[in-house]
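This briefing covers one structure, with its sequence. Please look at both before reading the notes.

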Amino acid sequence: MSLKKVTMPLSHQESGSSSLDVAVGSSRSVKQLLTITQPDDWHLHLRDNDGLAAVAPHRFSVFKRAIIMPNLKPPVTTVAAAVSYRERILKVLPSDSDFEPLMTLYLTDATTKDEIQRARKSGLVKAVKLYPAGATTNSQAGVTDLFGKCMPVLEEMVKQGLPLLVHGEVADSSVDIFDRERVFIETVLEPLVRKLPQLRVVMEHITTKDAVDFISSVPEGTVAATVTPQHLLLNRNAIFQGGLQPHNYCLPVLKRELHRQALVAAVTSGSPRYFLGTDSAPHERLTKEAPCGCAGIFSAPIALPLYAQAFEEVGSLDKLEAFASFNGPDFYQLPRNSSTITLVKGAWSVPHQYGFGSGSVVPMWAGQNINWSLK
Ligand SMILES: NC(=O)N[C@@H](CC(=O)O)C(=O)O
Ligand SMILES: [Zn+2]
Ligand SMILES: [Zn+2]
């Protein structure tokens, strides 16, 4: 088949390689192709053991690098544990894969300054993750005394130039679940940024206009945020659409439409403060379809098409490349990727499930049509 290509530059960024191509095949079908610098995933759960073996292959062809979350059982609290987890990840990669796992440490009240120094020296650990104890999946060992016991460690992170990644919700059961991000910003993040203005912070998986307002109020390069596909495409109605939908339940929980719109406006604004972090968090189907179902949405196999759909819905495909491929490495002070990937426009139906150990995992958007796929 011969392809005739008409290339239209999508953005005016000098360093941008993003282009929208129209490929006309001999079958006279017209296809839109979107080529961008290969993206990275700045928030990913790869799990361990059987789960790792099952979900890992979904990542490695699309994303060049990923920040690997440390909320295993037991959590990854030491550099030694992070190094051995990294080796287990590398073992399940196909031999020709050049995927690079970027490791993180799970902050606890007992984390030491020495561990932070070792983390920096290792070159393999790129950040430290704060889970307020009880806020989300496997956060029981998380922090209970951030402004007390953890303060010397946070100061050491400033010295070592390691960013703090936060699950930005208070775990206080007296706070309404839809307000927990806003209250975290008011009671933890604002005071933290005031105390340690040089600490670089990533608010992970933001869900509210409050988070966007806070991030735009601080100097560039201090607080950034990852945004998931579910928080760009779904509002809280999706949890209750036609009955309880456990596969649309994640933490922080989906919010009102006004918050979704604020997130879409933020990621398509061209601001470098927002970058791609899927928070793809697989749980075996029966642990979600249960009387007390787990929080976490599995988006790995379809994440990039979902982001493309979200950007396209508001006519901002030209902003996808910076969000997916530039802003993350720039914040982490890592080089941008030099490889590219191509998305093809055309509807296809997302599978109802994927294998997961001896069971299965249901992806986001299961059974629904999506407009983009990977070439
Ligand atoms: N996002 C989720 O709902 N779940 C994540 C944990 C997290 O990122 O908070 C998980 O590990 O399952
Ligand atoms: Zn989280
Ligand atoms: Zn997560």
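The model is predicted. Eight parallel-paired strands form an open sheet, and helix 2 packs on this sheet. Ligand 1 has a shell with four nonpolar, six polar and one charged residue.

**Ligand shell**

- The residues surrounding ligand 1 include H45, N71, T136, T137 and H167.
- C250, L251, D279, A281, A295 and G296 also belong to the surroundings of ligand 1.
- By class, six residues of this shell are polar, four are nonpolar and one is charged.

- Strand 4 (41-44) and strand 11 (274-276) are the edge strands, and each of them pairs on one side only.
- On average, neighbouring strands of this sheet are turned by 30° against each other, with direction ignored.
- Two bridges join strand 4 to strand 5 (residues 65-68) in the parallel sense.
- L44 has I68, in strand 5, as its bridge partner.
- Helix 2 (residues 79-91) packs on the sheet and touches strand 5, strand 6 (100-106) and strand 7 (125-130).
- The direction of helix 2 makes about 150° with that of strand 6.

**Helix 3**

- In helix 3 (residues 113-122), the buried residues are E115, I116 and A119.
- These residues lie on the same side of helix 3 because they cover an arc of only 100° around the axis.
- The buried residues of helix 3 pack against helix 2, strand 6, strand 7 and helix 4 (151-160).
- D114 and K121 are exposed, and they sit on the face of helix 3 turned away from its buried side.
- G123 follows helix 3 and has a positive phi, near 70°.

**R260**

- Where is R260 found? R260 is part of helix 8 (residues 257-267).
- Is R260 buried or exposed? R260 counts as buried because it has 23 C-beta neighbours inside 10 Å, and the cut-off for a buried residue is 20 or more.
- Which residues is R260 in contact with, leaving aside its neighbours within four places in sequence? The contacts of R260 on that basis are H231, L232, N235 and K255.
- R260 and L233 are 27 residues apart along the chain, and their C-alpha atoms are separated by 7.4 Å.

Methods. Residues are numbered from 1 along each chain as its sequence is written. Chains are lettered from A and ligands numbered from 1 in the order in which they are written. This is a predicted model: local features need pLDDT of at least 70, side-chain atom pairs count only at pLDDT 80 or more; totals for chains, interfaces and linings use all residues. A residue is near a molecule or strand if its C-beta atom, placed from the backbone, lies within 6 Å of it. Ala, Val, Leu, Ile, Met, Phe, Trp, Tyr, Cys and Pro count as nonpolar, Asp, Glu, Lys and Arg as charged, and the others, Gly among them, as polar. Two strands pair if DSSP finds at least two bridges between them. Helices (H or I, at least four residues) and strands (E, at least two) are DSSP runs, numbered from the N terminus. Axes are lines fitted to C-alpha atoms, for helices over the stretch in contact, and angles run from 0 to 180 degrees between N-to-C directions. Two residues are in contact if their C-beta atoms, placed from the backbone, lie within 7 Å. A residue is buried if 20 or more other C-beta atoms lie within 10 Å of its own, exposed if 12 or fewer, and partly exposed in between; C-beta atoms are placed from the backbone. The arc is that of the directions from the helix axis to the C-beta atoms.
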